[in-house]
Structures are given as structure tokens and as C-alpha cells.
Amino acid sequence: MTLEPLYSIDVTCYNCEHKFTSSRVRPSYKKAIRTDSDFCSYYKNENPDFYVVRVCPECGFASTENSLERLNDTQKKDFREKIGNRWIKRDFGGKRNWDVALETYKLALLCAQTIGDTERIVASILHHISWLHRYKGDELQERRFLTYCLESYIRVYELEGVGANNARLLYLIGELNRRIGEFTNAVKWFARVINDKNIIDSAMIRASREQWAVLREQMIAKQMELPGEMNPA
Ligand SMILES: [Zn+2]
């Protein structure tokens, strides 16, 4: 017997405490068939990323597993004024296609910005929105959201600095710079991951070296002058 890829989980709304169900993809179906250098993943069946955002059908509050778990009175008021008052009841609990997934991410972005959720949450939502556009081959929109996402990751870096766990963040800042064509900035960020002795995340060091090599080829192809550190010693 094969199980359906989707199952339901119970969620309690962080804003109005209404209980509702949201779908998720079973772990056995979560294996990606391939993953891009910025962790955008592709799946044969249901895409688990389509189900990251939970939307309360009662009030419209949209959040993820990592969102703030409790709203204070000011946040509730801000949400009500900006989104809740205009919400037309709608259930996002079932199967989602691309368009519905995009709607849930845009709603989650609006909610996160309205209540002032952490910059990491905002960056992650922006990154997912750009991936959705990549799945469709819409390069213009993908790039637009990658640019917002990059700005947001840089704010995370400015808030948190180079912590022990931030190699992935530095790598992503380098890789998004490369993807939007900011090659000189990309060099700087990859170099930090590769050269900072405090960074011990070997997977991210390896990834930075690989993308550094890709970037070098791109710069040579464009006949750009290579920064000194990129020339072979
Ligand atoms: Zn609610």
C-alpha cells in the first residue's frame, strides 16, 4: 500500500487561536531530485516548499514553523488593521498548486513585515518566492526577489555577525550576489567563508570554493579584471 504524499497537521493560529489543519508532505516524499547552488530544490511529486506557510482560514494570519509563536497586543492590532479587517475567509488547508503556494508566501511576507517578525524569517520567505519564480522560468521576477532577499540576508548578517553557525548565511550572500551579477561583491563574501579561520563548516567552505571557481570562469568569460586574490599564486 502506498501512502498519499500529503498528510494533515493541526495548527493553532498565533493570532486568533483558531484551530485549523494544514497539509504537509510526508518525509518519505521529501527527497529532492536535484538542488541548486542556493538550495532551491526540485521534486518528482509534491513540492514540500508549497506547504511551508500555514494560513489561518478564520483571520488570515500566515506563518511558518519558525515564525514568532505569540503576538503581543500591538502586533495583533497592526495585523488587524493591515490585513485582518480585509480578510475574506478562505481555507488553504488542502493540496496547493504553484499559484496558491505563491499566494501563501506573499501573505506570509506581508504578515511577517506587519508584525515585525525576525529578519531571518523575512529573508527565508523572500528566497522561497524567488524560487517559485525560478520554477516557472520567470527570470525577471526571480531576480527581483533574489535582490530583496539578498538585502534581507545582509541585514541578518549585520544583526548577528559572523557567529559559529553563520557560514551558510555568508555563503548565501556570496551566491546571491553571483546570481544577480554582482561579481565583485560575490568574491568578497566567498573569500570570507574560505579564509576565516573561525569558520569550520566544511560543507559551506567546499561550496564557497566551488562557486568561487564558477564565478572566476564567469568573470573571465566577461573579460572582467580579476581581483588579485583570484589569480593563481
Ligand atoms: Zn487566526
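Q: In which helix is Q141 found?
A: This is a predicted model, with residues numbered from 1 along each chain as its sequence is written. Local features need pLDDT of at least 70 and side-chain atom pairs pLDDT 80 or more, while totals for chains, interfaces and linings use all residues; side-chain values use heavy atoms, leaving out hydrogens and water. Helices (H or I, at least four residues) and strands (E, at least two) are DSSP runs numbered from the N terminus. Under that rule, Q141 belongs to helix α4.

Q: Is Q141 buried, partly exposed or exposed?
A: Buried means under 20% relative accessible area, exposed means over 50%, and partly exposed is in between (1.4 Å probe, protein chains only). Q141 has a relative accessible area of 23%, so this residue is partly exposed.

Q: How far apart in space are Q141 and S130, C-alpha to C-alpha?
A: Along the sequence, Q141 and S130 are eleven residues apart. In space, their C-alpha to C-alpha distance is 6.9 Å.

Q: Is S41 buried or exposed?
A: S41 sits in strand β4 (residues 41-42). Beyond residues up to four places away in sequence, S41 touches A32, R34, T35, N47 and Y135, where contact means heavy atoms within 4.5 Å. Its relative accessibility is 10%, so S41 counts as buried.

Q: Which residues of the largest nonpolar core touch the most other members?
A: A nonpolar core is a set of buried Ala, Val, Leu, Ile, Met, Phe, Trp, Tyr and Cys residues joined through side-chain atoms within 4.5 Å. The largest one has 70 residues, and those touching the most other members are F61, I125, Y153 and L215.

Q: Which element gives the most to this core?
A: The core is built from 70 residues. With eleven residues, the one that gives the most is α2.

Q: What is the area buried between domain 1 and domain 2?
A: An automatic or database assignment sets domain bounds, here giving domain 1 (1-138) and domain 2 (161-233). Their contact takes seven residues from domain 1 and eleven residues from domain 2. Buried area is the accessible area (1.4 Å probe) that two parts lose on being put together, summed over both. Carbon and sulfur atoms give 55% of the total, which is about 650 Å².

Q: Which residues in domain 1 lose the most area to domain 2?
A: Three residues together account for 69% of what the domain 1 side buries. They are S37, F39 and R120.

Q: How many residues apart are R134 and D38?
A: A salt bridge is a side-chain nitrogen of Lys or Arg within 4 Å of a carboxyl oxygen of Asp or Glu. R134 and D38 form one, with their closest N and O atoms 2.8 Å apart, and both residues are buried. R134 lies in helix α3 and D38 in the loop between β3 (34-35) and β4, a separation of 96 residues.

Q: Which residues are linked in a network of salt bridges?
A: R134 also pairs with E142, again with closest N and O atoms 2.8 Å apart, and E142 counts as buried because its relative accessibility is 12%. D38 pairs with R179 as well, at 4.0 Å, while R34 and D36 meet at 3.4 Å, N to O. The linked residues are R34, D36, D38, R134, E142, E175, R178 and R179.
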